[in-house]
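Colleague: Could you take me through this model one feature at a time, giving me the general idea before the particular case?

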Amino acid sequence: MTTLPKSAQFVIVGAGIHGLSTAWQLAMALEARKRGGGKDIIVLDKTAPGAGASGIACGLLRGFYMTEAMHPLIRHSLDVWTYDRITFGFQQVGYVSCGEANQLPDYERIHRSQNANDYPSDLYVGGEAHKFLRSLWPDIEVNGIDVALHEKCSGYSGTRQALRGLAEKCAEYGVNIISGVEATGYDVTNGRVSKVRTNLGDIACDAVVLGLGAWTPKHWALLGRPSRIDCHYQDGGMVKDRDMWTYWRLVEAEVWIDEPYLTAQKKDPPIFKAELMNTPVVDPATGKQLGDSTYVYWKYAAERTRKPGLQGGGLPVKIGPEAVVDPYRHANDLYQPGDAWRDYFCAAMAQFMPRRFKDIRKNYIERKSGGIGAFTPDNLPILDWILPNVYMIADSNHGYKFTGVGKLVARHLASGERVGELQPFAFSRYAEGRTFGKTNSNSPWV
Ligand SMILES: Cc1cc2nc3c(=O)[nH]c(=O)nc-3n(C[C@H](O)[C@H](O)[C@H](O)COP(=O)(O)OP(=O)(O)OC[C@H]3O[C@@H](n4cnc5c(N)ncnc54)[C@H](O)[C@@H]3O)c2cc1C
């Protein structure tokens, strides 16, 4: 039977990528400052590590963001992923993003900013892009691709391996991860949380960190925060009374492969992603148009598919301010992708690499692959204190790649000092005219 400690200096609620990464980094940061260590931290999860989005993510680390404030966070995440790439299962294969001419200025800005942030990438335009792509995938169909960005240090990891790895790091530093304990409420005394209430009793604490993924809106409400806010933008515009949280449904896909998926150099290929905003996806078998624009990505994924296979995804689908979060993951039938998505994904693969993938639809792994996420008003993370002793990591579903956020939050918690990289993501941005604006993409993730 689980015995709960009566108190802890830090209670972290949620053992996903953020809860675990923060716990491990905080243990190291406290030790380094001789202010304590892992024994001062407990992580609670109502189910177990990886029971949320972190356990089903596609597992990509990439830096393709039109919002430049994200680039320093990604750079820190790279440091964490490569800290122990064996334990985290990090495959540094690179990431290739392809676009049309309408996004060229965005690609140029991203390329400049990535390199300025010590995240090396190469930019290829027009014929150079085609030549570069064919050097990796000699069979690639380059029609419609005007620009390609190659992030040389990006990659992916298997989610099971990565979460096991983070939990192992926490255990090495003496962090207590307690599964099967649900935070049900918070005792607030003079504006501060004095106790976390759980299904197994109360835990007194000095500070709480929320790493709650899709459950964040529920705890936001439990802490009395508003369900609607006004958003003031950098250009002086304002949107009144926006939903604080919007759920989106993520669509993912898995396929088995009949032949090894390798580059011309017989290596694991970089993650491939293409957003062609003016190019429809057409079914190669029927000639039927399946979507009026293209957005697709994939990478090798035998960790999930159990035999050689690929995992990928496309644009998420907006649900709205309410969603049924439990049961989560593949257990929830409400948010699973249907046949239209399967056809679209396989047709897009065949469109880019017809020789390899023209018959891939027959290899589609017919099982549940959906999950939902809670997005913020501007679709970018909120990383901030939401009560004087409650720090919230609400990643707006960007977050599997963001292991570096835990490192920065830990530095802030252990030192009390301001951490510059986190500042653009403060909650106050909505009121203070620093709400992030829309980007030139159909995706909420760039
Ligand atoms: C299908 C899918 C694919 C994705 N692919 C990618 C990708 O390739 N790259 C990328 O960067 N991001 C990806 N994402 C987004 C990414 O997975 C999430 O942003 C990230 O995993 C969120 O991590 P988290 O730690 O905040 O939350 P979660 O991983 O959701 O963890 C929250 C934890 O809190 C626990 N919990 C909930 N309520 C309570 C409670 N009351 N008490 C105690 N514990 C509680 C849950 O059991 C859960 O384990 C994907 C998301 C989905 C759904």
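Modeller: Let us begin with burial, for which a residue is called buried if 20 or more other C-beta atoms, placed from the backbone, lie within 10 Å of its own, exposed if 12 or fewer do, and partly exposed in between. Asparagine 379 has 19 C-beta neighbours inside 10 Å, so it counts as partly exposed. This is a predicted model, in which local features need pLDDT of at least 70 and side-chain atom pairs count only at pLDDT 80 or more, while totals for chains, interfaces and linings use all residues. Residues are numbered from 1 along each chain as its sequence is written.

Colleague: Where is asparagine 379 found, and what is its phi?

Modeller: Helices (H or I, at least four residues) and strands (E, at least two) are DSSP runs numbered from the N terminus, and asparagine 379 is found in the loop between strand 23 and strand 24 (382-387). Its phi is positive, about 60 degrees, although asparagine 379 is not a glycine. Aspartate 241, also not a glycine, has a positive phi of about 60 degrees, but it is found in strand 14 (residues 238-243).

Colleague: Is aspartate 241 buried or exposed?

Modeller: Aspartate 241 has 10 other C-beta atoms within 10 Å, and therefore it is exposed. Tyrosine 107, placed in helix 3 (residues 104-116), is buried because 24 other C-beta atoms lie within 10 Å.

Colleague: Which residues is tyrosine 107 in contact with, leaving aside its neighbours within four places in sequence?

Modeller: Two residues are in contact if their C-beta atoms, placed from the backbone, lie within 7 Å, and on that basis tyrosine 107 is in contact with Gly99, Leu123, Val147 and Leu149, once neighbours within four places in sequence are left aside. For the protein as a whole, among contacts between residues at least 6 apart in sequence, 75% join residues at least 24 apart.

Colleague: How should I read the overall dimensions and the burial of the chain?

Modeller: The radius of gyration is taken over C-alpha atoms, and the globule rule is 2.2 Å times the number of residues to the power 0.38. With 446 residues, a compact globule would have a value near 22 Å, and the protein has 22 Å, so the two agree. Of those 446 residues, 49% count as buried, and the secondary structure comes to ten helices and 25 strands.

Colleague: In what order do the three strands of the open sheet lie?

Modeller: Two strands pair if DSSP finds at least two bridges between them, and here three strands form an open sheet in the order 3-8-4, with antiparallel pairing. Strand 3 (60-61) and strand 4 (90-91) are the edge strands, each pairing on one side only. Strand 4 is joined to strand 8 (residues 155-157) by two bridges, and phenylalanine 90 has serine 157 in strand 8 as its bridge partner.

Colleague: How many residues surround the ligand?

Modeller: A residue is near a molecule if its C-beta atom, placed from the backbone, lies within 6 Å of it; 37 residues surround the ligand, and the closest are Gly16, Gly52, Gly213, Gly371 and Gly399. Helix 1 (17-32), strand 2 (41-45) and strand 23 (371-375) are the elements that give two or more residues to this shell, and the largest share, three residues, comes from helix 1.

Colleague: Which peptide bond is cis?

Modeller: The bond that joins aspartate 326 and proline 327 is cis, with omega about 0 degrees, and proline 327 is found in the loop between strand 22 (317-320) and helix 8 (339-352).
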